[in-house]
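Biologist: Please take me through this model one question at a time, and give the cut-off beside each term as we go.

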Amino acid sequence: MQNKSVRHCYYLEMPSPLADAQNLLSDLIARYSKRVDYLMIRLEEAEGTDILLRGDKVETLSVGISIGGHIRACYKGGWGLSCFNQLATIEDRIEEAIAAARMVGDEETLLAPIDPVQAVCILPLKGTDPRQIPLSQKKQLCDRYTELLKSVDSRITTTSVRYGDSAQKVIIATSEGTLIEQSWVDMEMRFAATARNGETVQTGRETTGSRKAYEDLTDLDEQVKSAAQRAIAALSLPPMKGNTYTVVIDPILTGLFVHEAFGHLSEADMAYENPDLLEVMTIGRRFGPEELQIFDGAAPEGHRGSYFYDDEGTPATTTQLIKDGVLVGRLHSRETAGKLEEAPTGNARCLNYHFTPIVRMTNTWIERGKTPVKDLFTDIKEGVYARNWLGGMTNGEMFTFSAGEAWMIRNGKIAEPVRDVTLSGNVFQTLADIEAIGDDFYWDESGGCGKGGQNGLSVGCGGPSLRIRDVVVGGET
């Protein structure tokens, strides 16, 4: 893959929207920074739309605007955070953050160094900005997709359609001289249909997102109908017979797996705070076959986890986590990088000004392999082919995912479809059990990641199809 990015930035020597805020923030930083080891002011302006339809009922129909900010102060390793939504109170909030940091600080402040930067960065849209579309038109789009879901079959009993868009502009100023303005627009839609036949109930789901254009959400008829069609089809399918199988998963499940099962374990705060996990996630340890390459990064352009600078002002990077099957990297904030004596990776992110930045994934993917997809099924006497996802959960290194649709594999061929398929296992053992990596690849832009109470952070994930041996497949016993 090409891991290149064009930075649509201009620098503060040029006239910019930061001009009005620059003097205020610079003055505040100069006045207060001597009392702490590190001081950051983050200002944020956001506006967005949220629509939720359940059947014919409108549960949410709103347009919101928020303006606020937070102060982060660090003193002797102790952090203070103070949030506000009235600029007139900013000096009081600075005092609060400094007082909190000085109250808890009793160690050494360790922040991996970065070069200060002054820049204005805009993530460009390639089509219509959703802010130009009236709320009534967005509601009509949701109505149309609701009717599509219901029109598939009379056995569809429940539908839901959700639309969301958000535009954010963030200004970051630090005591090290960084002054950045960054803005972007994000969009997402989710669809679900539940079908019932007597006591049998099945659900189909689809999710999509974009940071490119409103038009990316307006031509989804086939994707929407497929959610309802899968729910109907599953009513008459035989349930899966639980056992251990060789499994082939499609790129969407691969993306979910690499994000949920492996990506979170690569976040350095998880490892730093858990000595046992840090020992397991030892750099240089082999986790998979030589063909396995895993990356995370906000630098690749155009994805929902892409940006120019993280919420600490660290430039976006592409970090290789696994190279040739061996662990070679992890994801960092400046603090975790400093404490582990590693390089910062630009992965400190916060959902909005109410939260402090923590280590988060951006776009996470497994690189495409060399095996033609049809050859992934070769020589599998009895196995399972799983596509898409309904849901899942992780607990440390253990995971369980529900497939959106699945088929048996018999004698190297895709055979009869089955329902109620769950895939479970230990992530480290599963990586080791990868037998082949497909030559296909797909980016899933539907992700909304949750961690530390910050739910719905935009991410991307992707990968090729995978063949994995000895997967525990749940179903009817």
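**Pockets, rings and a buried isoleucine**

Biologist: How many residues line the largest pocket?
Modeller: Ser166, Asp186, Leu351, Gly456 and Ser458 are the lining residues that lie nearest the centre of the largest pocket in this predicted model. A pocket is an open set of points on a 1 Å grid over the protein atoms alone, where a 1.4 Å probe fits, with protein on both sides within 12 Å along at least five of seven lines, and lining residues have an atom within 4 Å of a point. Counted this way, the lining of the largest pocket comes to 42 residues.

Biologist: Which element gives the largest share of the lining of the largest pocket?
Modeller: Strands E2 (38–54), E3 (57–75), E6 (156–174), E7 and E22 (454–463) are the elements that each give two or more residues to the lining; strands (at least two residues) and helices (at least four) are DSSP runs numbered from the N terminus. The largest share, seven residues, comes from E2.

Biologist: What limits apply to the values, and where does the largest pocket lie relative to domain 1 and domain 2?
Modeller: The model being predicted, local features need pLDDT of at least 70 and side-chain atom pairs pLDDT 80 or more, while totals for chains, interfaces and linings use all residues. Residues are numbered from 1 along each chain as its sequence is written, and side-chain values use heavy atoms, without hydrogens or water. Domain 1 (20–235) and domain 2 (243–474), whose bounds come from an automatic or database assignment, both give residues to the lining, so the largest pocket lies between them.

Biologist: What is the volume of the second largest pocket?
Modeller: Its lining of 18 residues has Glu206, Thr207, Thr208, Trp389 and Ser446 nearest the centre, and domain 1 and domain 2 each supply at least three of the lining residues. E7, strand E8 (200–210), strand E16 (382–395) and E21 each supply at least two. With volume taken as the space filled by probe spheres set on the grid points, the largest pocket holds about 940 Å³, and the second largest pocket about 370 Å³.

Biologist: How many aromatic pairs does the structure hold?
Modeller: Rings of Phe, Tyr and Trp (its six-membered ring) pair if their centres lie within 6.5 Å, with planes under 30 degrees apart counted as stacked, over 60 as edge-to-face and the rest as tilted. By that rule, the structure holds eleven.

Biologist: Which residues form a cluster through ring pairs with Trp365?
Modeller: Tryptophan 365 and tryptophan 443 are both buried (under 20% relative accessible area with a 1.4 Å probe on protein chains only; over 50% is exposed, in between partly exposed). Ring pairs join Trp365 into a cluster with Phe295, Phe441 and Trp443.

Biologist: Is isoleucine 29 buried or exposed?
Modeller: Isoleucine 29 lies in helix H1 (residues 19–32), and its C-alpha atom is separated by 36 Å from that of lysine 126, 97 residues apart along the chain. Its relative accessibility is 8%, so isoleucine 29 counts as buried.
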